[in-house]
Amino acid sequence: MSRATLGWIVLGWIGYALLPWYGLDGAASSIGDYFVGRSGLVHGLTGAWWLLPILLPLVMGLRPAFAGSRESDGTWLIASGLLGLGLVILQGFAIGMNGWTFEVLKVLFGEPGPTQDGIGYGATLTLTAFLIVLCHGFAARGWCRGDAFVTSSIGVVIALIIVFVFFPVSTILASAFADNDGNFAPAEFAAKFTDQSIWGLDCLTSNLRCGVAWNTLFLGVLVAFGTTALGLAFALIATRTAFRYKKLLRVMSVLPIITPPFVIGLALILLFGRSGALSAVLWDWFGIPRSRWIYGLPGIFIAQLLAFTPIAFLVLIGVVQGISPTLEEASQTLRAKSWTTFMTITLPLMRPGLANAFLLGFVESLADFGNPLVLGGNYEVLSTKIFFAVVGAQQDQGRAAVLSIILLAFTLGAFWLQHAWLGKKVYTTVTGKGDAGIPLPLPRRVAAASYLTAIPWALFTLVVYAIIVVGGFVRSMGRDYTPTLDHLLTAFRIENTEWGLHFSGSAWDSFFATVKVAALAAPLTAAVGLLTAYLLTRQRFSGQRAFEFGTLLSFAIPGTVVGVSYILAFNVPPIEITGTGFILVMCFVFRNMPVGVRAGIATLSQIDKSLDEASLTLGARSATTMRRVVLPLLRPAVVASLVYSFVRAMTAVSAVIFLVTAEYNMATTYIVGRVEAGEFGLAIAYSTVLILVMLLAIVMIQLAVGERRLGRRSAAANAAPVAVQAVP
């Protein structure tokens, strides 16, 4: 038995015999009473008899330490892990706060039965130990070439996705097949699923509107194409041109992702609405009448392009950087023109990035509800219908679940199309071999198209943000443009008292809570997402496609549904975390993880597996190879994942609006409250502060992670030999 396996078995014993098995509520007279007196072993010996059988798998796990071969060790470890996991999970779900939870147990043992709280640190550590022991057992049996790190990573990621994605989502989706009394009712599901308001095509034959499903699908495809095209234009300019202001252009491309919800929609209304600044200019100067065109499909489309283009850019910039100039030079050596080289070499090698950027843009559009809520007008989409089904006067959880299933079906279809388009082709461009040169200049047509696409969009983004900044520092946007700091002081006032500095502004509590949660969620999101991408691209195991789709599940469902599902799943034993900061962190981690996964997959698709294999051949373990070889080459994906996860944790509203508490009142819920109260200036001033904080965080992340080094010559280094050759 390896030391690592023995260590995990010992941790399992510590969790069972020393740490508190249930929640940490209640006082203790001493440290020893607090820990040992509340452990699973003590609970089992003093009445909680259902905890005593857990001793058996703990003892079984020790057996290989004394005798046995590697193969028999694997069998014992697998048996110990499976039995331990099964016992802990079974007793956790069978006994709740009010007794037995299964009817068969009530019949067999009588009502109400024993009671217990949610699991605590001890139960969590013991469960984790059983899981790792099980994975080590599979490695001992030869799974994944006997690599315990790989099997453990797969096991941990699958377990986390089951607990924090499948379990809560299935809890609410199950209500799609139940009536108001909770009884199984497939007829009601069929009636709700086939409703005319969802699938109607009256817009093709009359002036009536199309069904909400078609509206959502059409908008998602438009946004996916638009964000991918804009993201590619920004990525090409940033990596393949000598544009003087490319750093400023990169900042402008990322700005929308750090904007709190509703603010972009509010800015567009302040710009293009009937009383908007630009509408007034067009009426005064050109006589163009004011209208409400911004409300509906055009407004949602523009707002989502602004919001989601940065995601495509973050995914694509690493992919564009990773394309080897050697391949392009080989094409031109064979006398291919620059346009032909770009279309036949460069663009096909970008396929993984383009496919993942398109998929993320499509899924983000489907799940977004903030922009459609502000700008939707008469253009209904699934996310807003789900929101009103959950929190509106209908309070029809079953209808919300049915609409969520349709969204999942659209996501699954896009996921399948992405795989079909990529096929089984190889897109490797980063190998262990030396690189022959620097990236070639873009063809004139491609460079011109990139400039004509990116620069006007960057200028438009600048105008939108000018409106946002102005709106937070004038008395009333559109009415009174007198400069003032009142909104900022109301939110972030600091007073110097005799006891020291007092943060008396109304926004400080939510600001500190938001930064704390985001700082915890960002590194966890990046770690889980990139580890998942590594497993999906570098390993082969049964159920891999289902595993990959599972990583997209919580991303595809609207945040309102995710928030409600977390409340339903984690408000009662065996997992009671509602009302804590931990539930917010976990919600953000698994809500935002897909961006890290897709960025990691797109980047890893370019990195030759021979680099990993060379490290393993030289005796390095998988964990060392991951840390020393793979991670340095994944720096663009690391930046994308960290930036996106931190920013989304700072700006998300739909998923957390049901999870916040008085202690953990997030910034976005504060902003939404101010918008609902009509205090637009205060909301925009707070948003401006958040934007500055997130810009600072992005710079710090860039500096901490650093740039990826591929050993390629720079343009300056390449110019020196040319100059020498020119001397007669």
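## A guided tour, one selection at a time

Start by selecting helix H29 (residues 622-633) and helix H30 (residues 635-651), which pack at an angle of about 75 degrees with their axes 5 Å apart. Helices here are DSSP runs (H or I, at least four residues), numbered from the N terminus. Axes are lines fitted to C-alpha atoms over the stretch in contact, and angles run from 0 to 180 degrees between N-to-C directions. H29 and H30 are therefore roughly perpendicular to each other, a label for angles of 65 to 115 degrees. Show Leu631, Pro632 and Leu633 of H29 with Arg635, Pro636 and Val638 of H30, the residues that make the contact; contact means heavy atoms within 4.5 Å.

A note before moving on: this is a predicted model, in which local features need pLDDT of at least 70 and side-chain atom pairs count only at pLDDT 80 or more, while totals for chains, interfaces and linings use all residues. Residues are numbered from 1 along each chain as its sequence is written, and side-chain values use heavy atoms, leaving out hydrogens and water.

Next, select helix H18 (residues 351-367) together with H17: their axes come within 5 Å and cross at roughly 55 degrees. H17 and H18 are therefore oblique to each other. Leu347, Pro348 and Leu349 of H17 meet Arg351, Pro352 and Leu354 of H18.

Now go to helix H16 (residues 325-333), where Pro325, Glu328 and Ser331 are buried, meaning under 20% relative accessible area with a 1.4 Å probe, protein chains only. They cover an arc of only 120 degrees around the axis, which puts them on the same side of H16; the arc is that of the directions from the helix axis to the C-beta atoms. Their cover includes helix H11 (212-240) and helix H17 (338-349).

Zoom in on glutamate 328, which has a relative accessible area of 2%. Its side chain and that of arginine 240 are joined by a polar contact of 3.1 Å (a pair of N or O atoms within 3.5 Å, one able to donate a hydrogen and the other to accept it; residues adjacent in sequence count only if both atoms are side-chain atoms). Beyond residues up to four places away in sequence, glutamate 328 touches Arg240, Ile323, Thr341, Ile345, Thr346 and Leu440.

Last stop: phenylalanine 460. Leaving aside neighbours within four places in sequence, phenylalanine 460 is in contact with Leu268, Leu271, Phe272, Ile302 and Leu306.

How values were computed: Buried means under 20% relative accessible area, exposed over 50%, partly exposed in between (1.4 Å probe, protein chains only). Helices (H or I, at least four residues) and strands (E, at least two) are DSSP runs, numbered from the N terminus. Angles under 35 degrees count as roughly parallel, over 145 as roughly antiparallel, 65 to 115 as roughly perpendicular and the rest as oblique.
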